[in-house]
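Hi,

Here is the structure I promised you. Have a look at it first, and then read on for what I found.

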Amino acid sequence: ITNLVQQYVFKLNSMDSAYPLWLKKLLIELDKREVFTLSIDEIVKLTPYSYSHLAQLFKKNVNMSLIEYLTAKRIEYAKNRLANTNDTTLQISMEAGYSSLSHFNHTFKSLTSKTPSEYRKYSKIKH
């Protein structure tokens, strides 16, 4: 999923004319931590659509659900923080928008095949 997000961010940066203007604006907003960590209800309020209509349009245009996109953004943020800070996993998970450390750990491992601790250790060795 994170590779898909990177592809779409690249596409967005080139301002693909296939995206409607409202979606371009939303994707730009979703690049901001203070936005991608919001609840779905708060994100829906940034658009003129209901949740169900937004979910349908987002999936149609971006080829992934809004939830998948937000999850990937949050995990990418966490990966960067794990690799570049000594902040605790709990601090990072909360900054990334998770209220449950166990949910964060489960989501992180499902997307990266590593626990946050393993990822941190691996990223420190890699650098």
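Which residues of α5 are buried? They are L54, L57, F58 and V62. These four cover an arc of only 105° around the axis, which puts them on the same side of α5. The general idea is handy to remember: an α-helix has 3.6 residues a turn, so residues three or four places apart point the same way. On the face turned away from that buried side, α5 carries the exposed residues S52, Q56 and K60. Bear in mind that this is a predicted model.

At 1.5 Å a residue, its 12 residues should span 16 Å, and the end C-alpha atoms are 16 Å apart, which agrees.

Now for how α5 sits against other helices. Two packed helices are described by the angle between their axes and the distance between the axes.

Start with helix α2 (residues 21–29), which packs on α5 at an angle of about 90°, with the axes 12 Å apart. That makes α2 roughly perpendicular to α5, since angles of 65 to 115 degrees count that way. On the α2 side the contact is made by W22, L23, L26 and L27, and on the α5 side by L54, L57, F58, N61 and V62. Sorted by class, that contact has 8 nonpolar residues, 1 polar and no charged ones. Look back at the buried residues of α5: L54, L57, F58 and V62 are also listed in this contact.

Next is α6, whose axis comes within 8 Å of that of α5 and crosses it at roughly 70°. α5 and α6 are therefore roughly perpendicular to each other too. Here Y51, L54, F58, K59 and V62 of α5 touch L66, I67, E68 and Y69 of α6. This contact of α5 with α6 has 7 nonpolar, no polar and 2 charged residues.

Finally, what does α6 (residues 66–84) do with α8 (residues 101–112)? The two helices pack at an angle of about 95°, and their axes are 10 Å apart. So α6 and α8 are roughly perpendicular to each other. From α6, the residues T71, I75, A78, K79 and L82 meet F104, T107, F108, L111 and T112 in α8. The residues of this contact divide into 6 nonpolar, 3 polar and 1 charged.

Cheers

Key:
Residues are numbered from 1 along each chain as its sequence is written. This is a predicted model: local features need pLDDT of at least 70, side-chain atom pairs count only at pLDDT 80 or more; totals for chains, interfaces and linings use all residues. Side-chain values use heavy atoms; hydrogens and water are left out. The expected span of a helix is 1.5 Å times one less than its number of residues. Buried means under 20% relative accessible area, exposed over 50%, partly exposed in between (1.4 Å probe, protein chains only). The arc is that of the directions from the helix axis to the C-beta atoms. Axes are lines fitted to C-alpha atoms, for helices over the stretch in contact, and angles run from 0 to 180 degrees between N-to-C directions. Angles under 35 degrees count as roughly parallel, over 145 as roughly antiparallel, 65 to 115 as roughly perpendicular and the rest as oblique. Contact means heavy atoms within 4.5 Å. Ala, Val, Leu, Ile, Met, Phe, Trp, Tyr, Cys and Pro count as nonpolar, Asp, Glu, Lys and Arg as charged, and the others, Gly among them, as polar.
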